[in-house]
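The entries follow in the order I looked things up.

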Amino acid sequence: FESLYKFFQFSSLSPQRFKALEDALDVWGSNRDECFKQLQNSHLELGSIMKFGLEHLDTPDNEELREELSRRATNFLQPYAGYMRPLELIYYLAPVLGLLGTVLGMIEAFRGLEASAGLDKDSTALAGGIWEALLTTAVGLSIAIPFTVVHAWLETRLDAATSRVSDQLTRVMTINVGTGS
């Protein structure tokens with residue numbers, strides 16, 4: 001369920017939504033009211049954060065503004081980082097649990113082999129334990145592989161979003177550099 005939730009959550013971080021924020025900043029020099037309007041109408045909370053930054057650019061202490069924007073950006077990104085650990089644990093632990101099943105299956109196979117020592121059923125006892133061992137390994141890997149892919153995809157999306165947020169807020173802080181404003 002967490003994987004599905006994360007897919008829906010990350011769908012809100014589409015490149016088009018970030019592009020809309022970039023476009024809003026592009027009009028800052030010629031039409032500040034339009035820039036504010038576009039940021040306010042953004043589907044991402046980041047638009048409000050950027051608007052706040054632009055409204056407070058004339059703050060005497062730019063470092064204080066930078067810290068506040070960083071704090072707000074962290075709060076914006078925090079929900080996207082949530083539930084990543086459980087996904088990571090699943091793909092780490094599934095093969096280990098499969099390996100545990102393999103060891104238990106092999107123990108069972110050799111226990112059965114020992115119990116039937118000297119009988120014609122030696123290979124049957126061994127085959128049953130090996131089958132159990134291989135089955136648990138396959139189940140563990142079958143769980144781990146998709147969760148590894150999902151986690152890697154989500155982590156890549158989070159890294160890209162974090163980079164874009166950082167870039168957007170840096171643009172806010174430096175929007176007047178070189179414009180003579």
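I began with the contacts in this predicted model. Of those with a separation of 6 or more, 74% join residues 24 or more positions apart.

Next I listed the secondary structure. I found seven helices and zero strands, and the pattern along the sequence reads α-α-α-α-α-α-α. I then looked up the radius of gyration: it is 27 Å, well over the 16 Å that the globule rule gives for 181 residues, so the protein is more spread out than a compact globule. The box filled by the C-alpha atoms, taken along the principal axes, is roughly 95 × 30 × 25 Å.

For the surface I noted an accessible area of about 11,100 Å², with 61% of it belonging to carbon and sulfur atoms. Buried residues are 33% of the 181.

I then turned to one helix pair. Helix α3 (residues 32-40) packs with helix α4 (residues 45-55) at an angle of about 150°, and their axes are 8 Å apart. On the α3 side the contact uses C35, F36, L39 and Q40; on the α4 side it uses G47, S48, M50, K51, L54 and E55. By class, I have five nonpolar, three polar and two charged residues in this contact.

Last, I checked Y83, which sits in the loop between α5 (62-81) and α6 (84-115). Its phi is near 65°, a positive value in a residue other than glycine. Is Y83 buried, partly exposed or exposed? Its relative accessibility is 46%, so I put Y83 down as partly exposed.

Methods
Residues are numbered from 1 along each chain as its sequence is written. This is a predicted model: local features need pLDDT of at least 70, side-chain atom pairs count only at pLDDT 80 or more; totals for chains, interfaces and linings use all residues. Side-chain values use heavy atoms; hydrogens and water are left out. Helices (H or I, at least four residues) and strands (E, at least two) are DSSP runs, numbered from the N terminus. Buried means under 20% relative accessible area, exposed over 50%, partly exposed in between (1.4 Å probe, protein chains only). Axes are lines fitted to C-alpha atoms, for helices over the stretch in contact, and angles run from 0 to 180 degrees between N-to-C directions. Contact means heavy atoms within 4.5 Å. Ala, Val, Leu, Ile, Met, Phe, Trp, Tyr, Cys and Pro count as nonpolar, Asp, Glu, Lys and Arg as charged, and the others, Gly among them, as polar. The radius of gyration is taken over C-alpha atoms; the globule rule is 2.2 Å times the number of residues to the power 0.38. Accessible areas come from the Shrake-Rupley method with a 1.4 Å probe; for residues, only the protein chains shown count as cover.
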